[in-house]
Amino acid sequence: VAEEVSAVETRPASGRSELSIADFEAAGLDARLEALESTIENAENESSANVAVLSEPLAGKRSLIQHAVNMLENPLHVSFDRVPEDDSLPAIDGSQPLVVENCQYLFERSIGGFELLDTFLERLALSEPLVVTSWNSFAWDYLDAITEVEESFTETIRLPSLSGGQISDLLDAREDVSQPGFVTTAEYGRFKTIDVDHYSLRLFGDRAVDIPIPRPNTEWVSSWFVDDTDESIESVVYEKISRVASGNPGVALALWRESISDGEVAPADIREPDADHGIDATQAHLLWVILCKGSITRNTLDERFEEVSVDKELQTLADRGLVVTEGPTVRIPPAPMSEAIAELERRRMLW
Amino acid sequence: MVIVLQSVFKQFLAPKLFTALLVLVSAYLLARVLGGVLSIVASRLATARFRVTTLIPLVKFVVYATATYLMVAFLFDFSSDQILAFSGLLGAALGFGLRDLIADLIGGLVIVTEQPYQIGDMVSVGEYYGEIQDIGLRSTKLLTWNDTLVSVPNFMLFNESVANANAGQAEMMVVVEFYVDTETPPGQARKIVSDAVVTSPFVYVTDDLPANVYVEDELYYRTIRARAYVTDLRHELDFKHDVSERVLDAFDEAGIESPRVPSELGSAPSAGV
């Protein structure tokens, strides 16, 4: 396997939660795996297949990409961890399949910041071999809103949010869930008895109507009737973890580990995201950049935000518990990931 | 005679007046408290605040209408003939001193029911443009960009055109214009403005709410006009400032110049908003 991983790897720091293919299968995400596998198999018979694998940070796209690398015959594997120079963009020629990881680094949200992405997409359009790419889904959604990036790909595979049951299966497969005792506390914390799913009904043309569909939170409602038993508390714990993590498996794992205290876990121990952290527009923009890139160096932020005191703003974000700085790199830790997302959603900065 | 009147006042009228006053004060306090609570809830909802702010004037009207009904019912025990006579009296009052006040109240009622605007909207009424802060029984309060609170009588709704920039939605279209020299390659200037608009942290772009940039060729200059939605109408000035600042810097870097107009024709518009 030819691998041209860039200078700084994007491997998880200690404490971060990396998922394996076995975890995907345990969580019932076989369909996504099969989609990737069948696309790769079909690509051997077709030409010009371009695949985009999308997920939130920590949700497991790296494992899917590694799976693709293992499946392909002699692929060129490139991984970005910062905005690359023009000449470090991979050439797409011949018949060698290409796997490009972390394509969210191919653009900057600034004037002239899309030129590299345009060049890459242009090469992609003219390419013969299979190209598998991975993207941060928040960056992708933004790009799709302003440039319709999806049109450049024949297949997009988005890792879905996991339900409470899937989170439970995932934890069963990964963690020693028999270890902590499930205990109740006076208050379970905030729950929604009825949730609202949104179904998008396609109309003629590109129009779509958003139809809200109420969905009762059955795990929570059923727990009212089975009180103080491990089973009912357990289901509430998983439901709450799933809800707080917005179904993101990496965040769910981090929340699970964080919530266990003295060998016990209670629903009220699971932190609830606060959507309002009292940050200003500049700090929110910095947070968006960090979320979309996954991790970014302070130097890059300094160059990007020339008229802003980046260190001061990052300190405020760190004080609010939204980011951590590890040497030159800034990232959002797994546990407060939901809070950062909630803050940006509240400001309509996520698509 | 005076003693008899004082006795009647003390025995019958004073308690009724006191109770009516109590109802009025209670209604005022209740309306203030409910309005305050709803405002706090609305502020926590950020861009979804309009779902709550739309209720504030309605709640106030219900409270005041109930209070008025209770006061009238308590103070006066009208028969049908008396109601008829009172209607005549009311008509006369309308014709004279209370006409404007009643027009304001009816204007307020129309605002609550038809909702040509609601609290939080960006509205132009007459010569004023600003965010609606409160819709009262008699007047609407509007906060302009230079932090001036303007009270607009509700009856102006019947006499003036009201332009609502966002119609109860958080997002609002903002237009930013730049003027460049006719030598400027239009594609280059358009690309800079387009990039600046879609990369602004305040922009809101969807399939239904796209960002567009147009070039208009005039005799002595070219206009680059960007139209895009902001995530929240409160970011209108932030968006204009952010886009203008970055575009002007980029124009400088790219050597794009302001229009040059022959001096006999007067001053040219400068490259900018």
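Is A:R348 buried or exposed, and what is its relative accessible area?

Tutor: A:R348 is buried, at 17% relative accessible area. Buried means under 20%, exposed over 50%, and partly exposed in between, with a 1.4 Å probe and protein chains only. This is a predicted model: local features need pLDDT of at least 70, side-chain atom pairs count only at pLDDT 80 or more, and totals for chains, interfaces and linings use all residues. Residues are numbered from 1 along each chain as its sequence is written, chains are lettered from A and ligands numbered from 1 in the order written, and side-chain values use heavy atoms, without hydrogens and water.

Side chains of opposite charge can pair when their charged atoms come close. A:R348 forms a salt bridge with B:E171, 2.7 Å from N to O. A salt bridge here is a side-chain nitrogen of Lys or Arg within 4 Å of a carboxyl oxygen of Asp or Glu. The pair joins two chains, because A:R348 lies in the segment after α13 (337-346) of chain A and B:E171 in the loop between β5 (162-164) and β6 (172-180) of chain B. Helices (H or I, at least four residues) and strands (E, at least two) are DSSP runs, numbered from the N terminus. B:E171 is buried too, at 12%.

Over all chains, the structure holds 16 salt bridges. In one of them, A:R331 meets A:E326, with the closest N and O atoms 2.7 Å apart. A:R331 is buried at 6%, whereas A:E326 is partly exposed at 37%. In chain B, B:E131 pairs with B:R234, and their closest N and O atoms are 3.0 Å apart. That pair links distant parts of the chain: B:E131 sits in strand β2 (residues 128-135), B:R234 in the loop between β9 (222-230) and α8, 103 residues apart. B:E131 is buried at 11%. B:R234 is partly exposed at 48%. Salt bridges that share partners also join A:E343, A:R346 and A:R347 into one network.

A:D302, A:E303, A:E306, A:E307, B:E245, B:D249, B:D252 and B:E253 form a negative surface patch. Patch residues have over 30% relative accessible area and no salt bridge; like charges are joined within 9 Å, nonpolar side chains (Val, Leu, Ile, Met, Phe, Trp, Tyr) within 5 Å. Asp and Glu count as negative, Lys and Arg as positive; His and the chain ends are not counted. The charge is placed at NZ of Lys, CZ of Arg, CG of Asp or CD of Glu. α11 (298-304) of chain A and α8 (236-254) of chain B each supply at least two residues of the negative patch. The largest share, 4 residues, comes from α8(B). B:E253 lies in that helix and is exposed at 76%.

β8 (194-202) and β9 (208-216) of chain A each give two or more of its residues. Accessible areas come from the Shrake-Rupley method with a 1.4 Å probe; for residues, only the protein chains shown count as cover. β9(A) gives the largest share, 3 residues. A:Y199, in strand β8 of chain A, is partly exposed at 45%.
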